[in-house]
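Hi,

Here is the structure I promised to pass on to you. Have a look at it first, and then read my notes below.

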Amino acid sequence: MSKTAVRHEALLLLLSARGYVSIDELAAHFDVTAQTVRKDINALAREGKVVRFHGGAGFPAGVGRQAGDMRIGGRSSDAGCRIGALVAGRIPAGASVCINSGPTQESVARALLKRRKLRVITNSLPIAQICSDNSECEVWVAGGVMRRGDGGVFGGGAEGFIREFKADYGILGVPCIDEDGNLLEQDLHRAAVAKAIIESSRFVFLAVAASCFGSSAVARVAHLSSIQAVFSNAPLDDRWKKLADAAGTPLHLV
């Protein structure tokens, strides 16, 4: 895969996590010129994958599920499938698993389809649907207000529901990890669900795209040191590997 193609995939992952990103932010994130970013956006816009806005880019209206699939974890992402398989390989048959909403986590759910006698707790309608294809999987779904972007269910009811359980494994995805090792979400409702999963799971696995490292968001979930293992895709800058080492959190790359 060419450098341009790799950057295009990473750009789509970042856009799907953030919704909208400015040209200046993208140039700084990928360490390229603003002119290069504009060329990338124009090429992806011609393919109908993004919409150009003044000073930035976002996803087309009405393609929430497509956008979700382009985030790491959807059918269109080979890296997402590999991360999903890596995480699922750590989940034994008969385990209880709590998963939050997001395409990365959907990829994990697909990889878990052959696992026997799982009990899945989730705030994601797509994940519930995926897991329902496994006749030996018992699925518990939180109630609340559904977000159209990824089919996640949020609100106090969802958080309280998750806290009724003590799962063997929590599988968490967040859009951003900052320079200090903070796991960040885009709003307080998403952060609250993620916190509930951490509190309600014996072991927590973080499954994220490499492009999430160094991104920014407003709502703090937890610190990297509170996670038992991180699963992501290469290439990943050495500074993030050092951050994971300092936090005492194993980092697994595919």
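**What I found**

Let's start with Glu159, which is buried at a relative accessible area of 15%; buried means under 20% relative accessible area, exposed means over 50%, and partly exposed is in between (1.4 Å probe, protein chains only). You'll find Glu159 in helix 8, residues 156-162. Helices (H or I, at least four residues) and strands (E, at least two) are DSSP runs, numbered from the N terminus. Which residues does Glu159 touch, if we skip those up to four places away in sequence? They are His189, Ala192, Val193 and Ala196, where contact means heavy atoms within 4.5 Å. Ala191 sits 32 residues from Glu159 along the chain, and their C-alpha atoms are separated by 9.9 Å.

Before you go further, keep in mind that this is a predicted model: local features need pLDDT of at least 70, side-chain atom pairs count only at pLDDT 80 or more, and totals for chains, interfaces and linings use all residues. Residues are numbered from 1 along each chain as its sequence is written, and side-chain values use heavy atoms, with hydrogens and water left out.

**The chain as a whole**

There are 10 helices and 15 strands in the chain. It has 254 residues, and 54% of them count as buried. If you take the contacts with a separation of 6 or more, 62% of them come from residues 24 or more positions apart. The accessible surface of the chain is about 11300 Å², and carbon and sulfur atoms account for 51% of that. Accessible areas come from the Shrake-Rupley method with a 1.4 Å probe, and for residues only the protein chains shown count as cover.

**Helices that pack together**

Two packed helices are described by the angle between their axes and the distance between the axes. Axes here are lines fitted to C-alpha atoms, for helices over the stretch in contact, and angles run from 0 to 180 degrees between N-to-C directions.

Take helix 2 (residues 23-30) and helix 3 (residues 34-46): their axes come within 9 Å and cross at roughly 105°. The two helices are therefore roughly perpendicular to each other. As for the cut-offs, angles under 35 degrees count as roughly parallel, over 145 as roughly antiparallel, 65 to 115 as roughly perpendicular and the rest as oblique. On the helix 2 side, Ile23, Leu26 and Ala27 meet Ala34, Val37, Arg38 and Ile41 of helix 3.

Next come helix 5 (residues 78-88) and helix 6, with axes 8 Å apart and an angle of about 55°. That makes helix 5 oblique to helix 6. Helix 5 brings Gly80, Cys81, Gly84, Ala85, Val87 and Ala88 to the contact, while helix 6 brings Ser107, Val108 and Ala111.

Gln105 belongs to helix 6, residues 103-111. Is Gln105 buried or exposed? At 2% relative accessibility, Gln105 counts as buried. Its side chain reaches the backbone oxygen of Ser101 at 2.8 Å. Apart from neighbours within four places in sequence, Gln105 is in contact with Ile99, Asn100, Ile127, Ile171, Leu172 and Gly173.

Arg7 is in helix 1, residues 3-18. Arg7 also counts as buried, at 15% relative accessibility. Setting aside neighbours within four places in sequence, Arg7 is in contact with Phe30, Val32, Thr36 and Asp40.

**In the loops**

Asp31 sits in the loop between helix 2 and helix 3. Its phi is near 55°, a positive value in a residue other than glycine. Asp31 is exposed, with a relative accessible area of 70%.

Lys117, in the loop between helix 6 and strand 5 (119-122), has a phi near 55°, again positive in a residue other than glycine. With a relative accessible area of 53%, Lys117 is exposed.

Ser211 is in the loop between strand 12 (201-207) and strand 13 (219-223), and is buried at 8% relative accessible area. Ser211 and Leu11 are 200 residues apart in sequence, yet 8.1 Å apart in space, C-alpha to C-alpha.

Finally, look at Pro235, in the loop between strand 14 (229-232) and helix 10 (238-247). The peptide bond from Ala234 to Pro235 is cis, with omega near 0°.

Cheers

Notes:
A polar contact is a pair of N or O atoms within 3.5 Å; within protein, one must be able to donate a hydrogen and the other to accept it, and residues adjacent in sequence count only if both atoms are side-chain atoms.
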